[in-house]
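Hello,

Here is the structure I promised to pass on to you. Have a look at it first, and then read on for what turned up.

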Amino acid sequence: MKQTTWVIRPETASDNATIEDLQAEAFGPGRFARTAFRIREGVPHRPDLSFVGLAGSQVAGSIRLSPILIGETEALLLGPLTVSPDFKNRGLGKALMRTALAAAEAAGDKVVLLVGDAPYYSPFGFNQVPFGRITLPGPVDPARLLIALFNEGVMPEGMVHGGASMALPSQS
């Protein structure tokens, strides 16, 4: 029987090795060369916005949101969203997305950026970034640069840098 009900809980430090293994399996060693991974390098993800999905006691998937700046606007970079191949296509990725985005909205965050497939992410409120409006410090397919706005957030503009919370005081 396929698992369709998931336990989603906040990520803990003890999950880190398992999450790293899931990411290695899903994205391979080339993941570190990807622009989104390079933006997150050295930037701690937000523990209040990072979750794991459990199948029994096994971590079957994870999602993380990391602070970034887009120009001078504080934002979050979603990813990676990772689901173990043993649990793909059973709704875990969607459950993790709903949980993380609801937590970001409840925390007052306004902008979430990601690099991904529009058909998967558009039901969660993501739209393609207008061409040239947001730039990343490396190559990315413009059709895969997606953004969601919450809490009356406005479309930011500029270069993406990792570590918003370290670069600017909170704009709450």
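Asp-109 and Arg-46 meet through their side chains in a salt bridge, at 3.1 Å from N to O. Please keep in mind that this is a predicted model. Asp-109 sits in the loop between α3 and β7, while Arg-46 is in the loop between α2 (35-40) and β2, so the pair ties together parts that are 63 residues apart in sequence. Is Asp-109 buried or exposed? Asp-109 is buried, with a relative accessible area of 16%, because the limit for buried is under 20%. Arg-46, at 21%, counts as partly exposed. Leaving aside neighbours within four places in sequence, Asp-109 is also in contact with other residues, including Leu-49, Leu-76, Ala-104, Phe-150 and Asn-151.

The count of salt bridges comes to 7. Another one joins Arg-144 to Asp-117, with the closest N and O atoms 2.2 Å apart. This pair links distant parts of the chain, with Arg-144 in the loop between β9 and β10 (145-149) and Asp-117 in the loop between β7 and α4 (118-121), 27 residues apart. Both are partly exposed: Arg-144 has a relative accessibility of 30% and Asp-117 one of 44%.

Arg-133 forms a salt bridge with Glu-157, where the closest N and O atoms are 3.8 Å apart. Arg-133 lies in the loop between β8 (127-128) and β9, and Glu-157 in the loop between β10 and β11, so this pair ties together parts that are 24 residues apart in sequence. Arg-133 is partly exposed at 29%, whereas Glu-157 is exposed at 54%. There is also a network of salt bridges that links Glu-11, Glu-20 and Arg-64.

Now to the strands. The chain has 5 helices and 11 strands. Four of the strands make an open sheet in the order β1-β2-β3-β6, with antiparallel pairing. Its edge strands are β1 (7-10) and β6 (82-83), each of which pairs on one side only. Between β1 and β2 (residues 51-55) there are 4 bridges, and Ile-8 stands opposite Gly-53 in β2.

Strand β11 (residues 158-162) runs antiparallel to β4 (residues 65-70), and 3 bridges join the two. Here Ile-68 stands opposite Gly-162. With β9 (residues 134-135), β11 pairs in the parallel sense over 2 bridges, and Ile-134 stands opposite Gly-158.

What about the aromatic rings? A search of the whole structure finds 4 aromatic pairs. Tyr-120 and Tyr-121 form one that is edge-to-face, 4.9 Å centre to centre with 80° between the planes. Tyr-121 also pairs edge-to-face with Phe-126, at 6.1 Å centre to centre and 75° between the planes. Of these residues, Tyr-120 is partly exposed at 28% relative accessible area, Tyr-121 is buried at 13%, and Phe-126 is buried at 2%. Together with Phe-124, the residues Tyr-120, Tyr-121 and Phe-126 form one aromatic cluster.

Finally, some totals for the chain. Buried residues make up 44% of its 172 residues. Among contacts between residues at least 6 apart in sequence, 67% join residues at least 24 apart. The accessible surface comes to about 8800 Å², and 54% of that belongs to carbon and sulfur atoms.

Enjoy exploring it!

Best wishes

Technical notes:
Residues are numbered from 1 along each chain as its sequence is written. This is a predicted model: local features need pLDDT of at least 70, side-chain atom pairs count only at pLDDT 80 or more; totals for chains, interfaces and linings use all residues. Side-chain values use heavy atoms; hydrogens and water are left out. Buried means under 20% relative accessible area, exposed over 50%, partly exposed in between (1.4 Å probe, protein chains only). Contact means heavy atoms within 4.5 Å. Accessible areas come from the Shrake-Rupley method with a 1.4 Å probe; for residues, only the protein chains shown count as cover. Rings of Phe, Tyr and Trp (its six-membered ring) pair if their centres lie within 6.5 Å; planes under 30 degrees apart count as stacked, over 60 as edge-to-face and the rest as tilted. Two strands pair if DSSP finds at least two bridges between them. A salt bridge is a side-chain nitrogen of Lys or Arg within 4 Å of a carboxyl oxygen of Asp or Glu.
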